[in-house]
Each structure stands twice: as structure tokens, then as C-alpha cells.
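Have a look at the structure first.

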Amino acid sequence: MKHSNSAFLTRLNRHVTLDASERDAMQRLEGQAEPRAKRDPVFAADRPCDRIAILRSGWAASRVRSAGNQTTITQIYMAGDLMGLSDLGFRLPQHETTMQTDGTVNLLSRADLCELGQSHPRLFAMLLSQGSLDATAMNDRLHAITRFSAEDRLMHFLLAMKAKTEQTTEQTSDRFPLPFSQKEIGDALGLTDIYVNRLLRGLQKAGQLVLSRPYIRITDRAAWETRLNFKDRYACLDVNWAC
């Protein structure tokens, strides 16, 4: 069954078949989508209880800022992602999460999440499993940043973004959008924008990459995956323990 109006349900249905009660519960949980413009905070400042969100459309990112306006992009979200789970153990959000593009979000309270856990424990477990993917992917990116060459870490990042976009659409394509500037890509990889530009130009010149902003096409994905021993975490989600 297709759920064209919900990227989140599209992702879940790749891994498990939801029953009618679970589909209804998810539709109620998502509720009414709220618009957000590029650079807007995902969470509304006047609604401190609503600290979990489903990204309905668009892209978002979490950032950590330090003295001297140094920025690290820690998480990248796209349609179908659940945001805010990493802050469940804190009274206030620990990092800023803002829209990377125009889009829509569905805000949830922690009480909503607890209620779902009581009424639909299997669905609640699947949501937690889905949310754990970004933490695992971030661990992979951390490993790449600390152990890979600059070119390899950029290639690993692009493979991860391609893999993630495939979870939110039922259409196949050899290209994918990446609405981030070269500086922002550098912020995600610990590189300068000048270095990112040099790497992208090198990969294009070698025929390994085609850029058509905001789209990117990796010409030989299998070769990159073999070179980096890349693991598609998003395709490996196992929710059988929750069934």
C-alpha cells in the first residue's frame, strides 16, 4: 500500500507491514503539518513541550556552534525523519535544529510519544529503531572524519546521503538532491569550503561525479562502496524484534 502523503510511513513500509490500527495511529500522531521556511527553527519557542518532530517535507539540520562562529553539522534530516529523540533525556534542546530548505513539520509532545508507547508498543519500538539509524550513521561519519582521507570522507558522505534519500521515495533515480553549500558540506566533514570545492572539482574531472545543483550523480556507486567498504545502514534496519 502506498502512502504518498507521508514520507515517514513510506519508510516504515519498506521494512514492515503496518496493520490498519497502526496506520490510523500514525496518521493521528502526524496530525496537521506546520510550514517552516528555510533557516527557521524546527521547534516553536512558545511550545516547549513539543520537542519531537516528524519532518514531513524539506530538509533540516542540527548544528553545534563554538567560539569564533565555528560550526559543526551533526545531523542531517530529510522528509520522513524523526527529530528530537536525542534530547529526550534533557529538559531543553542541547543543539539548534533549523530548516535547511522550506518545508513542513509535525510537532509532537513527549506525552504523545508516551501515549503511543502504551497504546501501540510495536509501533513505538519501530519509531525508536528508525530514530537510531541517524545515530549509527553519525558514528560512521565520525569514523570517516577521523580515519579517512579528505576525498574518501567526502565520498562516504555522498554515499550516505544517496542511501538515505532512497528510503523516502518509491521512485528510482541515479541522482539525488543535496541542498547544502560547499561550506556546509565542510561543516559536516571537518573541511574548509575551499577544500570541498577542490575535491568536488577533482571528482568531476575524473568522471566520478556529475553536479547539477542541487542534484548530484555518482557515476559508479558500486566502485565507491567497494573502495570504502560502505555499509548502507538505512537499508539494514531490522524491526523484527518489535513484531
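Where does Arg39 lie? Arg39 sits in the loop between β1 and β2; helices (H or I, at least four residues) and strands (E, at least two) are DSSP runs, numbered from the N terminus. Before going on, note that this is a predicted model, where local features need pLDDT of at least 70, side-chain atom pairs count only at pLDDT 80 or more, and totals for chains, interfaces and linings use all residues. Residues are numbered from 1 along each chain as its sequence is written, and side-chain values use heavy atoms, with hydrogens and water left out.

Arg39 isn't a glycine, yet has a positive phi of about 80 degrees. Its relative accessible area is 42%, so Arg39 is partly exposed; buried means under 20% relative accessible area, exposed over 50%, and partly exposed in between (1.4 Å probe, protein chains only). Asn229, another non-glycine, has a positive phi of about 55 degrees. Asn229 belongs to the segment after α8 (221-228) and, at 55% relative accessibility, counts as exposed. There's also a cis peptide bond between Arg213 and Pro214, with omega about 0 degrees. Pro214 is in the loop between β9 and β10, which brings us to the sheet.

**The sheet around that loop**

Strands β8, β10 and β9 make an open sheet of 3 strands in the order β8-β10-β9, with antiparallel pairing; two strands pair if DSSP finds at least two bridges between them. The edges are β8 (175-177) and β9 (209-212), each pairing on one side only. Ignoring direction, neighbouring strands of this sheet are turned by 25 degrees against each other on average. For such angles, axes are lines fitted to C-alpha atoms (for helices over the stretch in contact), and angles run from 0 to 180 degrees between N-to-C directions. Helix α5 (residues 150-165) packs on the sheet and touches β8, β9 and β10, its direction making about 90 degrees with that of β8; contact means heavy atoms within 4.5 Å. As for β9 and β10 (residues 215-218), they pair antiparallel over 4 bridges, and Val210 has Arg217 as its bridge partner in β10.

**Salt bridges**

How many salt bridges are there? The count comes to 17, a salt bridge being a side-chain nitrogen of Lys or Arg within 4 Å of a carboxyl oxygen of Asp or Glu. Here are some of them:

| Pair | N to O distance |
|---|---|
| Glu34 and Arg47 | 2.7 Å |
| Arg63 and Glu184 | 3.1 Å |
| Lys164 and Asp81 | 2.8 Å |

Lys164 lies in helix α5 and Asp81 in the loop between β4 (70-78) and β5 (82-83), so this pair ties together parts 83 residues apart in sequence. Both of these residues, Lys164 and Asp81, are buried. Arg63 and Glu184 are buried too. Glu34 is buried at 19% relative accessible area, while Arg47 is partly exposed at 28%. A network of salt bridges links Glu34, Arg36, Arg47 and Asp50.

**A buried histidine**

His120 is in the loop between α3 (110-119) and α4 (121-147), and is buried with a relative accessible area of 13%. Leaving aside neighbours within four places in sequence, His120 is in contact with Ser21, Glu22, Ala25 and Arg28.
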